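Visitor: I have a model open and some questions about it. Can we go through them one at a time?
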Amino acid sequence: MRIENLSIKAVTIIIFSMIGVVAIVLSILAGSYFKKAALNAQMNSLSRVIEVASYEMLRELNVYTFDLGMKMGHSRELIQAARKHKLESNKEQISAILDDPFINGFVGFSNINLEKIRVYDLDLTLIAESQQGIEGLNKNLDDYLLKKIIQRKGIERLKTIDVLWMSSHGPMHSTLVPLGGLHLIAYLEVIVNPAFNLSDIGKITKTPISVYFTNGEPVTVSQIETKNDNYLPIQFTLNTSEGKPAYKIIGYEDVAKLDKEMGETQVVTISGFLVLSLITLIFALWLFNRFLFVPLKRMMRDMEQMTHGRLDLTVNKKGLREFYFLAQTFNLMANQVRQRTNELERLLDLDDSAIMCFGSDNEAVYFNSGASSLFAYSRDEIGDLDLSDLFVEDINQLMSQSVEASVNAQSKLNVQLNCRSKSGEQFQCEAVINSIDPLNSSGYAIVLRPITNDRGSNKEDCSASTEQSGQRMNAIEQSLSNLLEMAKTNPSLLSSLNNLEQGVTDSKGAIDNKIQVREQAVSVMLSALACWERDLSRSKLDLAEESKIWPVYIDKSTPTTRTLDKYLNIESCPKNPRCQRVIDTAEFVLKQLGDHQTEYKKKLIDSLQVLRQLISGI
Amino acid sequence: MPENIEGANNLTAEQVIELILSNPELVIIDSRKKTEYVKGHIEGSINILNTQLSANEMQKILPDKSSQVLFYCNGSRCMRSSDATSKALSWGYSNVYWFRGGWKEWTSKKLPVITE
């Protein structure tokens, strides 16, 4: 596609459409990104929820172990036995006391998985442990727990310590309480297996969970895991108090609702974005239209009219700065063209010779004032004239003969021509005929000088006069060429070029239209004349005289309607018929008919309507 | 809840333990409700609700008005111990201690408790 075929409006709309498409794509991408980001945020927040739930589970666990520890820590039996722990029998007694919760239960027995209860002296050496519970645990306190209690001094040692630590049997939870209450004599360690309580995390988070040891061995596995299409797995690692991984907890969040909400949010967001984009685009287009397209269209229309000769017009300068500048510059240029045209016309009018220019269809294109006065035609009538109206001789034939006799196709022909004035009177003129190329079509420029009787008797004068016409022809040729050159693009630029109002560079379509207009003009004229003659019983001459639209000529004392007659035959009808005259004639006839309805009137109305449509381009 | 009570010694949990360990004769009065006391209390404390505390009752528990006595309740938002402390001071007890943090501070520091 060539860039010249694109209008600014089309390019702007294309650009805005591209922006619109980009906006749609971006909004879709943003929506997807938003969804992904929302899922990530959801995962992070749910991971935090699981973390909080895990610590809540441990806190609840601590309540039971602390309670048990405190009860046993204040047991007089145990305290007394512990005070004398160096006796082997006391150790057995201590073990028996420590077995009691395993055998007889305790408050919260069903809520925790008690694995071991151990008693340590103040040097943190194991005194005794329960026989019940898990076997094979390291006899010493966990290193982390040991370190913590050693760091404590004085009253601080009375404070209970809870730790999650890694035993040979997996993660264990210990609560170390002072034995003897405020009067510390030893330490009591309550060991429970936290795996028993891990399922409570799911109750707190209200989501199914799976728990694995760090080696991947499952502790509890949710049924959701195998069919987790609608569930988002969220992982959290529960560490020991020392910071080592203890359990891998995976919560399964039902994301169906979240997906639905995000989908709705996405739709609303994208729709809102698109609506806003659309409104912005429409507003931008309106601004473009208001400040760019409309002034541009107005300027183009004005320029086109001026291009077709309406140099009396000026381009509307209302618009943005650039338009104002362009319009002002164009108006200045048009003004210069108008001045130049006037100068050229005046120059040709100043010459006392009759200067005429005819187009390829032998119709008059240009008459200077000398020609108008010589033939007694007004400027309005010139457009209806052709060579045969003005000259007895066939100019085309004369020129053809001249061209055949000469090598130069552009040669001038000096001849005497028999001319015919408006009144029908014939007279002789010296003529210099030059074949030219006005308006891209072959034609003739003719310079005439009437031969008086005196001149006719003087051959030398006649010869000199012919020579003078030739020289004048050369002199004015340049001006005429310039004038006609301008008339190529400005057919109505010259006041004399009446029959070029429709332009000279018609396209094929325009030519076809012109032919149709011409045919329809003839049809209207024939219909109008039929009405006039049949319905009103009047003559053609009456029509010309009464309507005052068509000139009446006197040929040998006989009034004729030469111009009107041309419009009654397609062969003689001017190639650029003066349609306004035809329409005026039809309307004049219709007006004369009044309300009288006849077949001819109907036909005339129909023809007139078709002609009007053709002219308006419908 | 006042920050301090004039005439009473305001103690923290650690200071309470030091006091208990240094003075076995210390009377600790838990001014909370019975139900709360049963759930857990400081070792050696006796439960007398502040509203039930009277001069006669105090006279029975502490005949010597120069004896050391400590009051506590649920915590800094609880008015019972401050009320009881004020009463004891008004009745002429000179060695009155007030554990303002109360049960909340005690349990938050995971100190030994007695449960029944």
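Guide: A definition to begin with: a residue counts as exposed when its relative accessible area is over 50%, and as buried when that area is under 20%. Also, this is a predicted model.

Visitor: Is B:Glu6 buried or exposed?
Guide: B:Glu6 has a relative accessible area of 79%. The cut-off for exposed is over 50%, so B:Glu6 is exposed.

Visitor: Where is B:Glu6 found in chain B?
Guide: B:Glu6 sits in the segment before β1, the strand at 8–11 of chain B.

Visitor: And how many Å apart in space are B:Glu6 and B:Leu89?
Guide: The distance is 8.8 Å, C-alpha to C-alpha, while 83 residues separate B:Glu6 and B:Leu89 in sequence.

Visitor: Switching to chain A. How many helices and strands?
Guide: Chain A has 18 helices and 16 strands.

Visitor: What percentage of its residues count as buried?
Guide: 45% of the 618 residues of chain A. The accessible surface of chain A is about 32400 Å², with 53% belonging to carbon and sulfur atoms.

Visitor: What span should helix α17 of chain A have?
Guide: α17 of chain A covers residues 579–593, which is 15 residues.

Visitor: Which residues in α17(A) are buried?
Guide: Among them are A:Val582, A:Ile583, A:Ala586, A:Val589, A:Leu590 and A:Leu593. In general, an α-helix has 3.6 residues a turn, so residues three or four places apart point the same way.

Visitor: What comes just after α17(A)?
Guide: A:Gly594, which takes a positive phi of about 65°.

Conventions: Residues are numbered from 1 along each chain as its sequence is written. Chains are lettered from A and ligands numbered from 1 in the order in which they are written. This is a predicted model: local features need pLDDT of at least 70, side-chain atom pairs count only at pLDDT 80 or more; totals for chains, interfaces and linings use all residues. Side-chain values use heavy atoms; hydrogens and water are left out. Helices (H or I, at least four residues) and strands (E, at least two) are DSSP runs, numbered from the N terminus. Buried means under 20% relative accessible area, exposed over 50%, partly exposed in between (1.4 Å probe, protein chains only). Accessible areas come from the Shrake-Rupley method with a 1.4 Å probe; for residues, only the protein chains shown count as cover. The expected span of a helix is 1.5 Å times one less than its number of residues.
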